[in-house]
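Please have the viewer open as you read.

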Amino acid sequence: VLNAVMCGLDVTRKAYLTEQELDTIAAAGDPAGVFLRDVSRDILRLNVAAGSGGWCLHDAVPIWHLAAPELFFEREAGVYVETQSELTLGKTVTDLYSDFKFPQKNARVVLDLDRTEFVRRMTRLFGVRA
């Protein structure tokens, strides 16, 4: 069983809430949901200006991965961190799309998430029932 999991920004950027979704959360009446909507306005605006569909909840992804792994699509791969090259020092390297395959598949790489289900579950946390 592989315990290491890698989830890059390409996936966590799909874990976002739109202004409308945040308004729906606040409208459910839970004070925490109202607070969430109110404190997220600035970051939501910045994320959208940067090309995101909404407020990216990067930090929520590992928690959801543990709680609901069925929301994610992942594959086993060899994953290593470059430690020799000055140009790419610290870069994470996988063998997912490379002709070269590492001798060991040592991690699960998260490649996608079910955003519809992610949003449904996030909104349910704040009392939204749909």
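What covers the buried residues of α5? The cover includes β1 (5–7), α1 (9–12), β4, β7 and α6, where contact means heavy atoms within 4.5 Å. Before going further, a word on the ground rules: this is a predicted model, in which local features need pLDDT of at least 70 and side-chain atom pairs count only at pLDDT 80 or more, while totals for chains, interfaces and linings use all residues. Residues are numbered from 1 along each chain as its sequence is written, and side-chain values use heavy atoms, with hydrogens and water left out. Helices (H or I, at least four residues) and strands (E, at least two) are DSSP runs, numbered from the N terminus.

Now look at α5 itself. Its buried residues are A60, V61, W64 and H65; buried means under 20% relative accessible area, exposed over 50%, and partly exposed in between (1.4 Å probe, protein chains only). Viewed down the axis of α5, these buried residues fall within an arc of 135°, so they line one face of the helix. That arc is taken from the directions from the helix axis to the C-beta atoms. An α-helix has 3.6 residues a turn, so residues three or four places apart point the same way. Turn to the other side of α5 and you will find I63, L66 and A67 exposed.

Leaving aside residues up to four places away in sequence, H65 touches V5, F72, E74, R108 and V110. With one of these neighbours, E74, the side chain of H65 makes a polar contact of 2.7 Å (a pair of N or O atoms within 3.5 Å; within protein, one must be able to donate a hydrogen and the other to accept it, and residues adjacent in sequence count only if both atoms are side-chain atoms).

E74 leads us on to charge pairs. The side chains of E74 and R108 meet in a salt bridge, 2.5 Å from N to O (a side-chain nitrogen of Lys or Arg within 4 Å of a carboxyl oxygen of Asp or Glu). Since E74 lies in strand β4 and R108 in strand β7 (residues 107–113), the pair ties together parts that are 34 residues apart in sequence. E74 is partly exposed, at 25% relative accessible area, and R108 is partly exposed too, at 21%.

How many salt bridges does a search of the whole structure find? There are 11. One of them joins E70 and R121, whose closest N and O atoms are 3.0 Å apart. E70 lies in the loop between α5 and β4 (72–77) and R121 in helix α6, so this pair connects parts 51 residues apart in sequence. Another is formed by E21 and R115, with 2.7 Å between the closest N and O atoms. Here E21 in helix α2 (residues 19–27) and R115 in helix α6 (residues 115–124) are 94 residues apart. D23, R37, D38 and R41 are linked in a network of salt bridges.

Finally, the cysteines. The search finds zero disulfides, a disulfide being a pair of cysteine sulfur atoms within 2.5 Å.
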